[in-house]
Amino acid sequence: MAHTTIYVGCTVPQLLKGASRIFPSHSALGVLRHSAFYYCTVNGTIKSKRKMDHLERTANNFRQEVITQAKVCGITNESETVKRLRLAIANKDFTFKAGQWVDFFIPGISVVGGFSICSSPGLLEREGILELAVKHTVHPPAHWIHTECTLDSEVALRVGDLHGYQEGKGNGHKLGTVKLYYSAKNTSELLYKKNILDLMNTFPGKITCCFHVTQQRSQICKELQPHVTEGRISEKDLEKHVSNNTSWYICGPPPMIESISKLLSNIGVPGNRVFFEKWW
């Protein structure tokens with residue numbers, strides 16, 4: 001039977017990382033569950049803990065042993081608050097899978113960053129390039145990227161692995177569909193919107209997206225207008241997608257995740273069908 005996946009988020013969506021992860025079948029869904037490992041909550045409940053740094057928070061996650069040197073070869077302002085970092089990787093043995101993150105080591109800074117990889121494994125294979133999208137915060141690694149990082153800055157990376165994950169073989173399931181609800185303050189903060197529109201055009205009927213903006217002040221461009229709703233993601237938006245074959249993935253800050261989790265519970269989505277990573 002076909003499977004449906006709903007992504008609800010206000011950060012860069014994971015579906016951009018590789019076409020092999022776009023249409024989760026039941027076997028692929030298991031991969032996505034394991035990608036969260038210890039920090040994926042599946043019951044819609046967030047438990048507050050004291051704030052931990054990245055290495056402490058992910059201490060139980062398996063990591064590749066090799067720490068690889070990388071050089072910054074591109075810096076782009078994706079929005080007023082997010083920079084895209086292009087990193088040239090010289091080590092030909094460096095690999096990753098869609099959905100993984102990197103430990104980010106900066107010379108002279110003791111705090112280690114943890115950032116999800118936003119480029120595809122294919123880009124690394126073709127060009128030796130890995131990309132990160134980093135939002136500005138006071139956290140030392142993110143602050144360094146936004147205030148001190150320049151072209152040719154040298155850093156080191158280590159991939160956080162999907163320990164114990166085994167890719168499923170063919171199981172007869174049909175390709176599913178993906179519905180993305182993506183919320184931001186305004187359209188300038190909708191990162192990778194062109195990539196998302198391209199995916200929708202490439203896979204018509206399989207990938208759809210509804211952008212939500214909450215504080216739009218300027219006119220919305222013609223290309224985006226059919227896909228933009230002003231206002232927050234609501235119960236009415238999501239309830240039409242509730243079914244036994246739908247999985248829900250939430251990405252965003254803790255208050256947003258908590259709010260959407262409660263909303264899904266209210267419309268009858270079982271807790272074991274709701275997934276999000278705890279990166280705080």
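This is a predicted model: local features need pLDDT of at least 70, side-chain atom pairs count only at pLDDT 80 or more; totals for chains, interfaces and linings use all residues.
Visitor: Which residues of H7 are buried, and within what arc do they fall?

Guide: Happy to list them: Met256, Ile257, Ile260, Ser261, Leu263 and Leu264 are the buried residues of H7. Looking down the helix axis, these buried residues line one face, because they fall within an arc of 160 degrees.

Visitor: And which residues are exposed on the other side of H7?

Guide: Exposed means over 50% relative accessible area. On the other side of H7, the residues that are exposed are Pro255 and Asn266.

Visitor: What span should helix H7 have, and how far apart are its end C-alpha atoms?

Guide: H7 covers residues 254-266, which makes 13 residues. At 1.5 Å a residue the helix should span 18 Å, and this agrees with the distance between its end C-alpha atoms, 18 Å.

Visitor: Let's move on to threonine 81. Is threonine 81 buried, exposed or partly exposed?

Guide: Threonine 81 sits in the loop between strands S3 (68-77) and S4 (82-89). Buried would need under 20% relative accessible area and exposed over 50%. At 26% relative accessibility, threonine 81 therefore counts as partly exposed.

Visitor: How far apart in space are threonine 81 and valine 134?

Guide: Threonine 81 touches Val134, as well as Lys135, His136, His146 and Glu189. Threonine 81 and valine 134 are 53 residues apart in sequence, yet their C-alpha to C-alpha distance is 8.4 Å.

Definitions and conventions. Residues are numbered from 1 along each chain as its sequence is written. Side-chain values use heavy atoms; hydrogens and water are left out. Helices (H or I, at least four residues) and strands (E, at least two) are DSSP runs, numbered from the N terminus. The expected span of a helix is 1.5 Å times one less than its number of residues. Buried means under 20% relative accessible area, exposed over 50%, partly exposed in between (1.4 Å probe, protein chains only). The arc is that of the directions from the helix axis to the C-beta atoms. Contact means heavy atoms within 4.5 Å. Lists of a residue's contacts leave out its neighbours within four places in sequence.
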